[in-house]
Amino acid sequence: MKISTKGRYGLTIMIELAKHFGDGPIPLRQIAAEKDLSEAYLEQLVSPLRIAGLVKSVRGAYGGYLLALPPSQISAADVIKVLEGPIQPVEGIENEEVPQQQLWMRIRDAVKNVLDTTSIEDLANYNDDTDVDGYMFYI
């Protein structure tokens with residue numbers, strides 16, 4: 001499964017809003033400037049998040065966006081599903097042999113579990129003090 005820039009930048013928006021939860025609305029231009037992203041693209045992404053009830057918009061000079069729910073109540077899966085659609089590593093698994101079908105379903109369930117159990121609050125509060133096994137790339 002490959003998450004596109006829609007999902008990645010959507011999570012960025014939500015994490016930034018979570019970091020400022022309770023402080024009032026945050027303009028997308030602020031997030032775009034801080035993260036060096038296109039404000040126009042972020043505007044396209046925030047619309048489905050608003051329609052899904054994950055963010056609220058506030059108009060006016062001091063307007064912007066804020067989370068519609070506490071960050072602990074919004075999962076990474078909520079954001080990814082809105083922006084990317086259903087979580088599935090392979091399309092058309094019904095045409096696969098049973099062992100492959102089982103593998104694809106186990107992969108789907110594992111990814112879904114990680115996304116379901118990771119809240120936006122978890123991502124906003126993440127600190128870089130933990131050792132993470134990185135990928136080794138060979139050329």
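**Fold order**

I read the elements from the N terminus as α-α-α-β-β-α-α-α. I counted 6 helices and 2 strands; helices (H or I, at least four residues) and strands (E, at least two) are DSSP runs, numbered from the N terminus. I am working on a predicted model, where local features need pLDDT of at least 70, side-chain atom pairs count only at pLDDT 80 or more, and totals for chains, interfaces and linings use all residues. Residues are numbered from 1 along each chain as its sequence is written, and side-chain values use heavy atoms, with hydrogens and water left out.

**Overall numbers**

I looked up the extent of the protein. Its C-alpha atoms fill a box of roughly 60 × 35 × 30 Å along the principal axes. I then checked burial: 29% of the 139 residues count as buried. Buried means under 20% relative accessible area, exposed over 50%, and partly exposed in between (1.4 Å probe, protein chains only). Next I took the contacts, meaning heavy atoms within 4.5 Å. Among contacts with a separation of 6 or more, 66% come from residues 24 or more positions apart.

**Helix 1 against helix 3**

I took helix 1 (residues 5-19) and helix 3 (residues 39-51). Their axes come within 10 Å and cross at roughly 80 degrees. That makes helix 1 roughly perpendicular to helix 3. For the terms: axes are lines fitted to C-alpha atoms, for helices over the stretch in contact, and angles run from 0 to 180 degrees between N-to-C directions. Angles under 35 degrees count as roughly parallel, over 145 as roughly antiparallel, 65 to 115 as roughly perpendicular and the rest as oblique.

I listed the residues that meet. Helix 1 brings Thr 5, Lys 6, Tyr 9, Gly 10, Ile 13 and Met 14. Helix 3 brings Tyr 41, Leu 42, Leu 45 and Leu 49. By class, I note 7 nonpolar, 2 polar and 1 charged residues in this contact. Ala, Val, Leu, Ile, Met, Phe, Trp, Tyr, Cys and Pro count as nonpolar, Asp, Glu, Lys and Arg as charged, and the others, Gly among them, as polar.

**Aromatic pair**

I searched the whole structure and found 1 aromatic pair. The ring centres of Tyr 9 and Tyr 41 are 5.7 Å apart and the planes stand at 80 degrees, so the pair is edge-to-face. Rings of Phe, Tyr and Trp (its six-membered ring) pair if their centres lie within 6.5 Å; planes under 30 degrees apart count as stacked, over 60 as edge-to-face and the rest as tilted. The pair links distant parts of the chain, with Tyr 9 in helix 1 and Tyr 41 in helix 3, 32 residues apart. Tyr 9 is partly exposed at a relative accessible area of 21%. Tyr 41 is partly exposed, with a relative accessible area of 21%.

**Nonpolar core**

I looked up the largest nonpolar core and found 29 residues in it. Such a core is a set of buried Ala, Val, Leu, Ile, Met, Phe, Trp, Tyr and Cys residues joined through side-chain atoms within 4.5 Å. Met 14, Leu 17, Leu 42, Val 55 and Val 79 have the most contacts inside it. The elements giving two or more residues are helix 1, helix 2 (28-35), helix 3, strand 2 (64-67), helix 4 (76-84) and helix 6 (120-124). Helix 1 gives the most, with 6 residues. I checked Val 55 beyond four places in sequence. Its contacts include Met 14, Leu 17, Leu 49 and Tyr 65.

I moved to the loop between strand 2 and helix 4, where I found Ile 74. Ile 74 is buried, with a relative accessible area of 1%. Beyond four places in sequence, Ile 74 is in contact with residues including Met 14, Val 79, Thr 118 and Ile 120.

Ser 75 has its place in the loop between strand 2 and helix 4. At 11% relative accessibility, I log Ser 75 as buried. Among the residues that Ser 75 touches beyond four places are Leu 115, Asp 116 and Ser 119.

**Helix 4 against helix 5**

I noted that helix 4 and helix 5 (residues 98-116) pack at about 115 degrees, with axes 6 Å apart. Ala 76, Ala 77, Ile 80 and Lys 81 of helix 4 meet Lys 112, Leu 115 and Asp 116 of helix 5. I sorted this contact into 4 nonpolar, no polar and 3 charged residues.

**Asp 36**

I flagged Asp 36, which has a positive phi of about 55 degrees although it is not a glycine. Asp 36 sits in the loop between helix 2 and helix 3. At 70% relative accessibility, Asp 36 counts as exposed.
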